[in-house]
Amino acid sequence: RESAQAIACGPRACRPQPTEICCRSSYTYMPCCGLKALLANALLPCFVALCLLPHPTSSARLLSRDGEQSSLTTRGPLHEELGLEVLGLDLRQEMPTKVKRELRRLIDEHSFLLFRGQNLTCHEDAAFMRIFPHNETAYELGEGTGVPQPTGSAPEECGRRCPHIVVKFVFSQKDTPEYRRFFSGHMWHADAVNFVEHPPVYTAMSMKAAPSRGGETLFMDSRKAYERTRPELKRIIDTARLEYYRVDYGLGAEVHDSGTHRTDNMTETRARALQSDSPLADSSVVQPLVTQDPRTGRRSIYLSPGSAYRFIGHTPQETHDILREVLSPAISAENVYVHHWRVGDFLLWHQRQVLHSWTPRHRYESQERRLNTLFLDGHLPVHPAR
């Protein structure tokens, strides 16, 4: 058994500990029985006190890779090399060109940026995101991202269909058993990789209502995920092309609790989709599993296993065995940043550098979790490894 209780420790989230059920790659925040519980109760006050110590906060000490001094006040990194909290910035205000340039540099170097205490409308959210590289022509024309917008998902304050995607996540007691089963565990992924040829480079979440328990978002460095992969496996995945089909949860698609691979018979699930009248059945995209930054040459894992079908030239089962082996070391507790949401959090990340996962939705079933997820139209191709 495992404890699902999350302990929020100020700006720095406590690192979860893996459960003893290793195959599940679950995250727990506190041992729950026996000697472990005794030690936890004895050491918890000291542990929490350490967590509450502030991060180093200094604009003078934050330097770019080129040695350029930052003009922004930041706290971090939030986990190893990942993440910075940017302090004292109101995202509703017009920013000088120097600050915009600085933010673009910081997200490129630290992969995600956190801004606390923001109270933005969906259009203010999107106006801020336009600082970062995207297809401005598509934005101006209101063409959207190519990622389907769920019916009725746009917040009321938009007043019209937003030219960016805004999605409200609210766990409903009316959700179908198939939906609940699909979202019962974790799901490591990059957003929209299964929808369009050029997925959005950046994703942002703006938290409007946060549960007191559960609802965390997990992040891991997809570049280090590649670097931890054994050489023999790299030779397979470097040239692999992954075929995606949009998932109809009601047709039997299931994902392992760890969020690394599917566990259903994918051939049969695919056959059911083709025989159904589902509009998702014929929607397919092919993406490389390993991408390469054309500027730095660094490689990363880029995928969404929940809708992945197979590598071209491999069976679905072979494919998901490989995905499990690639992702399992990368999602161990010490490699994962756990973000405990607060109302007003605005979190922006680079999709080609990190993968993220939700946490089991049953943990906040009786509470509201409402946020806007925003994408802007991507303009950069997904560069395969060379």
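This briefing covers aromatic pairs, then charges over rings.

The model is predicted, so local features need pLDDT of at least 70 and side-chain atom pairs count only at pLDDT 80 or more, whereas totals for chains, interfaces and linings use all residues. Residues are numbered from 1 along each chain as its sequence is written, and side-chain values use heavy atoms, with hydrogens and water left out.

**Aromatic pairs**
- Rings of Phe, Tyr and Trp (its six-membered ring) pair if their centres lie within 6.5 Å, and planes under 30 degrees apart count as stacked, over 60 as edge-to-face and the rest as tilted; by this rule there are 10 aromatic pairs.
- Phe128 and Phe346 make an edge-to-face pair, at 5.5 Å centre to centre with 85° between the planes.
- Because Phe128 lies in helix 3 (residues 122-129) and Phe346 in strand 15 (residues 346-350), this pair ties together parts that are 218 residues apart in sequence; helices (H or I, at least four residues) and strands (E, at least two) are DSSP runs, numbered from the N terminus.
- Phe128 is buried at 2% relative accessibility, and Phe346 is buried at 0%, where buried means under 20% relative accessible area, exposed over 50% and partly exposed in between (1.4 Å probe, protein chains only).
- Phe132 and Tyr202 form a tilted pair, at 5.6 Å centre to centre with 45° between the planes, and both residues are buried.
- Ring pairs join Phe115, Phe128, Phe132, Tyr202 and Phe346 into a cluster.

**Charges over rings**
- A charge sits over a ring if NZ of Lys or CZ of Arg is within 6 Å of the ring centre and within 35 degrees of the ring normal.
- Arg270 lies over the face of Tyr245, at 3.4 Å from the ring centre, and Arg361 lies over the face of Trp358, at 4.9 Å from the ring centre.
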